[in-house]
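Thanks for coming. Please have the sequence and the structure open while I talk.

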Amino acid sequence: RDCQLSSWSHWSTCSTPCGVSGFESSSRYKKVTDQCGGYCPSTLRKTRACSVELSCRNGGRLNHDGTCSCADGYSGKCCEVKSDGGGSRVSVTVIVGGVFGGGSG
């Protein structure tokens with residue numbers, strides 16, 4: 001008896017959001033296994049090339065290796081993140097011992 005396969009799944013998300021082409025895949029599984037010499041295709045997974053966006057964002061430059069060199073003020077794989085010049089900073093003042101403000105006394 002031949003095997004029975006599921007339908008192909010939807011294509012996955014492209015592996016590369018920018019730069020050079022990435023890949024996406026689709027798969028299926030055996031719903032019923034083959035028996036007594038029955039036929040069953042060996043291909044349960046297939047891939048294809050894809051590209052969501054081939055350019056770097058916000059003035060970034062595409063390098064020969066497919067990565068982005070981001071313009072000043074931007075970061076991230078596709079230069080999609082606006083940088084604030086060094087990350088978030090929080091200023092905290094700690095007063096230890098005594099009274100703040102120096103009241104009269």
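I will go through the fold, the surface, and then the charged side chains.

This is a predicted model, in which local features need pLDDT of at least 70 and side-chain atom pairs count only at pLDDT 80 or more, while totals for chains, interfaces and linings use all residues. Residues are numbered from 1 along each chain as its sequence is written, and side-chain values use heavy atoms, with hydrogens and water left out.

The fold comes first. The protein has zero helices and eight strands. Both terms refer to DSSP runs, numbered from the N terminus: H or I with at least four residues for helices, E with at least two for strands. Along the sequence the pattern reads β-β-β-β-β-β-β-β. Take the contacts, meaning heavy atoms within 4.5 Å, between residues at least 6 apart in sequence: 46% of them join residues at least 24 apart.

Next, the surface. Of the 105 residues, 20% are buried. Buried means under 20% relative accessible area, exposed means over 50%, and partly exposed is in between, with a 1.4 Å probe and protein chains only.

Now the charges. Side chains of opposite charge can pair when their charged atoms come close. How many salt bridges does a search of the whole structure find? It finds two. The term means a side-chain nitrogen of Lys or Arg within 4 Å of a carboxyl oxygen of Asp or Glu.

One joins R48 and E24, at 2.6 Å from N to O. R48 lies in strand β4 (residues 45-50) and E24 in strand β2 (residues 22-27), so the pair ties together parts that are 24 residues apart in sequence.

Last, charges over rings. The rule asks for NZ of Lys or CZ of Arg within 6 Å of the ring centre and within 35 degrees of the ring normal. K46 lies over the face of W8, 4.3 Å from the ring centre. K82 lies over the face of Y74, at 5.2 Å from the ring centre.

That is the end of my part.
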